[in-house]
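I opened this model to see how its chain is put together. These are my notes, in the order I looked things up.

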Amino acid sequence: MISWIRVWLLCAVLACCTWGCGWHPHGPLIGQPTPGLPGLQNPLLVAIADRDVLWEQVIDTLDDYFAIQHEERVRQVGEVLLEGRIETFPVGGATLLEPWRHDSTPGPERLQATLQSIRRRAVVRVTPTAGGYLIDLAVYKELEDLASPQHATVGRARVRHETTLERSEQEVGADTFTLGWIPLGRDVTLEQRILQDIRDRTAGV
């Protein structure tokens, strides 16, 4: 749902953010797409022999964007290498007012997270294959489904002119009723950004 306070803040800082937030004196920020680079394959093949080193690089990369909820390392059982899996906690989308966060890529994704309640989570599968490992990354995006707009002036709490007086001990507007989260598919732009970071980190290993 649209938050009118966010809209007002967006109007106040949009001019600054459009030119100021994408520049850094030492190069592109993490989360900024590099112009001219073609899209990477997903799953991404990483030619590295040491599975523990690879795992640490993948975890370290994801930690720049999400908080790790669960990880199950690549492990060897007998003669077979079993695939690893990483799951992250959902994180609320970074807005235009939060240029230091990297879970929303610049452009439409960050603008949408500014105007609406968006969250993302990542799932990574690390599969042994000939010549290295396949990094299968999926970033899922969801929209919060609220019972009413967060800052609506007319909503669930209304004054009723009836004979029966109902009292509520809870402050009006102090709660937010969430009906759930609506799946919006995958965030391909963020997947590409993270895969690029993993490729860069493992290139010299």
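**Entry 1: overall.** I began with contacts (heavy atoms within 4.5 Å). Of those in the chain with a separation of 6 or more, 69% are between residues 24 or more positions apart. I then listed the elements, taking helices (H or I, at least four residues) and strands (E, at least two) as DSSP runs numbered from the N terminus. The chain has four helices and nine strands. From the N terminus the order is α-β-α-β-β-β-β-β-α-β-β-β-α. I checked burial next: buried is under 20% relative accessible area, exposed over 50%, partly exposed in between (1.4 Å probe, protein chains only). By that cut-off 32% of the 205 residues are buried.

**Entry 2: ground rules.** The model is predicted, so I noted that local features need pLDDT of at least 70, side-chain atom pairs count only at pLDDT 80 or more, and totals for chains, interfaces and linings use all residues. Residues are numbered from 1 along each chain as its sequence is written, and side-chain values use heavy atoms, with hydrogens and water left out.

**Entry 3: confidence.** pLDDT is the predictor's confidence in each residue, from 0 to 100. The chain averages 76, and 65% of the residues score at least 70. Helix α1 (residues 4–20) has the lowest confidence, a mean of 46, while β5 has the highest, 96. I marked two stretches where pLDDT stays under 50. Residues 11–37 have 28 contacts beyond four places in sequence; residues 151–176 have 11. Where pLDDT is low, the predicted coordinates should not be read in detail.

**Entry 4: strand β5.** I looked at the side chains of residues 84–88. Gly 84, Ile 86 and Thr 88 point to one face and are buried. Strands pair if DSSP finds at least two bridges between them. β5 pairs with β2 (residues 68–72), antiparallel, over four bridges. β5 also pairs with β7 (residues 118–129), again antiparallel over four bridges. Ile 68 is opposite Thr 88, and Glu 87 has Val 123 of β7 as its bridge partner.

**Entry 5: Thr 88.** I stayed on this β5 residue. Thr 88 counts as buried because its relative accessibility is 3%. Beyond four places in sequence, Thr 88 touches Phe 66, Ala 67, Ile 68, Gln 69, Arg 121 and Ala 122. Its C-alpha atom is 9.1 Å from that of Asp 63, 25 residues apart along the chain.

**Entry 6: the core.** A nonpolar core is a set of buried Ala, Val, Leu, Ile, Met, Phe, Trp, Tyr and Cys residues joined through side-chain atoms within 4.5 Å. The largest has 24 residues, and Leu 54, Val 58, Val 124, Val 126, Ile 135 and Ile 194 touch the most other members. The elements giving two or more residues are β1 (44–46), α2 (51–62), β7, β8 (132–146) and α4 (188–202). α2 gives the most, with five. I followed Ile 135: its contacts beyond four places in sequence include Asn 42, Pro 43, Leu 54, Val 126 and Ile 198.

**Entry 7: a cis bond.** The peptide bond from Asn 42 to Pro 43 is cis, with omega near 15°. Pro 43 is in the loop between α1 and β1.
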